[in-house]
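Welcome! Let us take a friendly look at the open spaces in this protein and the residues around them.

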Amino acid sequence: MLSRDLTKFTTLGLIFLYISSAIKSETVNLAGSGVKLGVDCLEDEDFALLKGKKIGLITNQSGVSSEGLKTRIILANSDKVDLVALYTPEHGLDGDELAGKWVSSRTDSVTGLTAYSLYGKSRKPTPAMLKGIDALVFDIQDVGARCYTYISTMGLCMEAAADSGKEFIVLDRPNPVGGVHVSGPPIEQKWISFVGQYPIPFRHGMTVGEIAGMAVGERWLKSSPNLKVVKMKGWRREMEWRHTKLRWIKTSPNIPRSESCHYYLASCIAQHVPGIYAGTGTPKPFQFVTTRGIDHRKLCSKLNGFNIRGVRFAPYVDKDISKGSGVSLDLSLDQDPDLMLISMVMLREFYQEKKQSGEDLLTGAGKSGLNLLYKVYGSDELLSDLRSASGPQKVVTGWDVANKRFKKLRSKYLLYD
């Protein structure tokens, strides 16, 4: 009996050790996926770039290491770094403020430093905010869309650094939707704004460090600083966030998961059309699109009839009757869906359905609403694009010349194979 019990105990022990080892191995694999972020590489180099300088850090909750440690804590705790101030973008230091809501400067409870808001009275650091700073460091996760304002904040901070003679350092991070595809509407110069600060396609396929380098090289900024980019290690252009096995940190209230970046590209423009709702404020932002007064089943059938790779639509009725009905989107990321084609096909079919009910989505909107929409889209050609008899695929194809030109231009600024 004793021998049998010992054998049983030994077997169970071996199974336990095997499971423990597997769990440990999986944990290491997830945390150490082979992708080292810019902040990891900065730390590996013993913060050499920051030594002897008073540092201002532009960051929020998404600025973390591959182990999930906040960049501002890493820098504040290092005896090699003199971190003296923080600067925060839209959505605030913790990323919980709603889109478009002004954020006030405050004291960071984690580091005790002043966190100057760059989404309040000023979107560009003032000389007073930069007093005593030798270098500005940028570490914020982008989502890969031109209109997401973090890259605009980066550009304005670069100009402020140049104006004040400060060095500017970008701790690079992955583009969560990958670095290969370049697609979507280009932007006209007259529609350059905070939701489209650079002449880049809607889906640009670049990292923040690459955008910074291109902004300097192509003289997109009013003044350009002494720029340094701390590159990642192990990231490749074809990698989406899910391939990195890094933990996703919610970048803003409506980007809770890494796949939210894909849905954002597909539904963001529609979200800015007055009268259309794309699920913001719900557990599934940008995963459904609705409006009032349409036949949502007919619309769904028409959208699935396009047979767009990597997406299926399902009829959807919102619980809030004021939001109307429409479709929910189910993206199959392994099939590499054409997100900007999805965006344009949805817009076109929503527009046509409303038109049949006697309502024009765009001409019935106010001037301010249309201005924001055109800034996001990149031009005021949207109405003619939606009315085009040649269909949405022809509109998307019409972007190819500009996007191929951009792709060639950006090639000399790419940092990763």
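A pocket here is an open set of grid points with protein on both sides within 12 Å along at least five of seven lines. The model you see is predicted. With that in mind, here are two pockets, side by side.

| Pocket | Volume | Lining |
|---|---|---|
| Largest pocket | about 700 Å³ | 30 residues |
| Second largest pocket | about 260 Å³ | 18 residues |

Let us begin with the largest pocket. Which residues lie nearest its centre? They are Glu90, Ala99, Gly100, Tyr264 and His272. Two elements each give two or more residues to the lining of this pocket: α7, spanning 260-271, and α10, spanning 367-377. The largest share comes from α10, with 5 residues. By class, the lining of the largest pocket holds 15 nonpolar, 12 polar and 3 charged residues.

Now turn to the second largest pocket, with about 260 Å³ of space. Closest to its centre are His181, Val182, Ser183, Asp338 and Asp400. Here, too, two helices can be picked out: α9 (339-356) and α13 (400-410) are the elements that give two or more residues to the lining of the second largest pocket. Which element gives the most to this lining? That is α13, with 4 residues. The classes in the lining of the second largest pocket are 7 nonpolar, 4 polar and 7 charged residues.

Technical notes
Residues numbered from 1 in each chain as written. Predicted model: local features only at pLDDT ≥ 70, side-chain atom pairs only at ≥ 80, totals over all residues. Heavy atoms only, no water. 1 Å grid on protein atoms, 1.4 Å probe; cavity = no way out; pocket = protein on both sides within 12 Å on 5 of 7 lines; lining within 4 Å. Points joined across faces, edges and corners; volume = space filled by probe spheres on them. Nonpolar A, V, L, I, M, F, W, Y, C, P; charged D, E, K, R; others polar.
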